[in-house]
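User: Hey, I've got this one open in the viewer. Can you walk me through it?

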Amino acid sequence: MRILRRSFVARILARISVALVVCVSAGRADGSEKMTPLLLDMQDSPAPFMGTDGRVHLVYELWMTNFSSADILVEKVEVLGDGEVLQSLDAAAIAGRLQPAGQRESAGKLAGSVQTLLFLHVMLEPGAAMPRLLSHRITMHVNAAPPGQQEITESGGEVAVDRKPVASIGPPLRGAGYVSADSCCDASRHTRAAMPVNGHVWLAQRFAVDWEQLDAQGRIYSGDREKLESYTIFGKPVIAVADAVVASVTDGLPEQTPGKYPVNISLDQADGNSVILDLGDQRYALYAHMQRGSIQVRVGERVKMGRLIGLVGNSGNSVAPHLHFQVTDRSSSLAANGLPYEMKDFQVTGKTSGTKAFDEAEEKGTPLAITPLSSVQQSKGALPLDQLIISFAGR
């Protein structure tokens, strides 16, 4: 009997995997059961923050699992705030945001039996009410469903908005001409850097930024690309963004040769010479890729905002001198959840034409085309968005 029962179950599962039997009454108010071939889940509650564009942003990931044997084409995604539509994405927009697990390239569909992350970015206009609950309505074509029943709409992925105020910090550098490279939100390579560490998928770099600096001619470096001293930002002082306690220090790692991708970098050396500050309230600030021997703080030391931490370098997994900075909920650069923050006082003087132009300028040492603002934008309490030209107080 045990063998017969297993055979019966196997046959049923095989039938379901070949063609989903979709209940025609899906979505009825009578509580009837229905097949939901696309499983929706939320891992982290999004925290709203103010951006340099004057709007409130919500950045998060919707986990989507295709629990069928064939492709699912997601045709429409609606983000609902307290039941009202906040954002609607069509198939083209979805295709640029849907990332299969373990990959860094987006895909236009969910292959059978595959999990994906849909990277979402909701922007609220100034004065708009903050929703308490987010949910999602998905319209899709399910190839494994019977003919005539392949167009399905599902709702799910409910999550409460994290209403806790974000960390308020000072700048990590002083001076002018800094580029907020790969900062939040849509085009950033940091925002989509999901990594499996210690049996869990983390997005520690969700709001990370790579600070680089332009010289008077708008160049990231001038002269020999492989010389550290050619880079404008190399050796610039790195400072504490808040009164904090030093949680972690890594030093003694060599500088990498600029322009060449490092090889054989272990996970524990990816940040190079680095410091993590405990900001309190389960918030930690990471500074990575600093110069060997330049770090001026020790574990357990209390530091004041503006205190010298070290100097910008090119250690660890780095192709050019820069300061990698992020805020997380744990004292780890990888096994942590990336958190937004708001910087207290800085100026936005211009913006680049995008990541592609920035990468080209970094590779060739050519001036980076900048669109200056008609007037300098003074920001007090905002997260610097991607590809802006920023000035911090002091020298």
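Predicted model: local features only at pLDDT ≥ 70, side-chain atom pairs only at ≥ 80, totals over all residues.

User: Let's start with Met-50: which residue stands opposite it in β3?
Analyst: That's Val-56. Residues are numbered from 1 along each chain as its sequence is written, and side-chain values use heavy atoms, with hydrogens and water left out.

User: OK. How many bridges join β2 to β3?
Analyst: Two bridges join β2 (residues 49-50) to β3, and they run antiparallel. Two strands count as paired if DSSP finds at least two bridges between them. Strands themselves are DSSP runs of E, at least two residues, and helices are runs of H or I, at least four, numbered from the N terminus.

User: What about the turn there, which residue takes a positive phi?
Analyst: Gly-54, with phi near 80°. The hairpin of β2 and β3 has five residues between the strands.

User: Which other strands pair with β3?
Analyst: β1 (residues 38-42) is joined to β3 by five bridges, antiparallel, and Leu-40 stands opposite Met-64 there. β7 (residues 115-124) also pairs with β3 in the antiparallel sense, over 10 bridges, with Glu-61 opposite Phe-119.

User: Is β3 enclosed or open, and why?
Analyst: Largely enclosed by the rest of the structure, because 10 of the 11 residues of β3 (residues 56-66) are buried. Buried means under 20% relative accessible area, exposed over 50%, partly exposed in between, with a 1.4 Å probe and protein chains only.

User: Switching topic: what is the strand order in the open sheet of four strands?
Analyst: β5-β4-β8-β9, with antiparallel pairing. β5 (84-90) and β9 (151-160) stand at the edges with a single partner strand each, so one side of each is left without a neighbour in the sheet. β4 (residues 72-81) pairs with β5 over six bridges, and Lys-76 stands opposite Asp-90 in β5.

User: How many disulfides?
Analyst: One disulfide, taking that as a pair of cysteine sulfur atoms within 2.5 Å. Cys-184 and Cys-185 form it, with sulfur atoms 1.8 Å apart. The link is right-handed, with 90° about the S-S bond.

User: And are those two cysteines buried or exposed?
Analyst: Cys-184 and Cys-185 are both buried.

User: How many cavities are there of 30 Å³ or more?
Analyst: Three. On a 1 Å grid over the protein atoms alone, a cavity is a set of points where a 1.4 Å probe fits but cannot get out; a pocket is an open set with protein on both sides within 12 Å along at least five of seven lines, and lining residues have an atom within 4 Å of a point. The largest cavity has a volume of about 50 Å³, and its lining includes Val-59, Phe-119 and Cys-185. β7 gives the largest share of that lining, three residues.

User: What about the largest pocket, how much space is in it?
Analyst: About 1000 Å³. It's lined by 34 residues, with His-190, Asp-210, Tyr-261, Asn-317 and Val-319 nearest its centre. α3 gives the most to that lining, four residues.

User: And the second largest pocket, which element gives the most to its lining?
Analyst: β3 again, with three residues. The volume of this second largest pocket is about 300 Å³, and 22 residues line it, Ala-47 and Asp-162 being among the closest to its centre.

Notes. Points joined across faces, edges and corners; volume = space filled by probe spheres on them.
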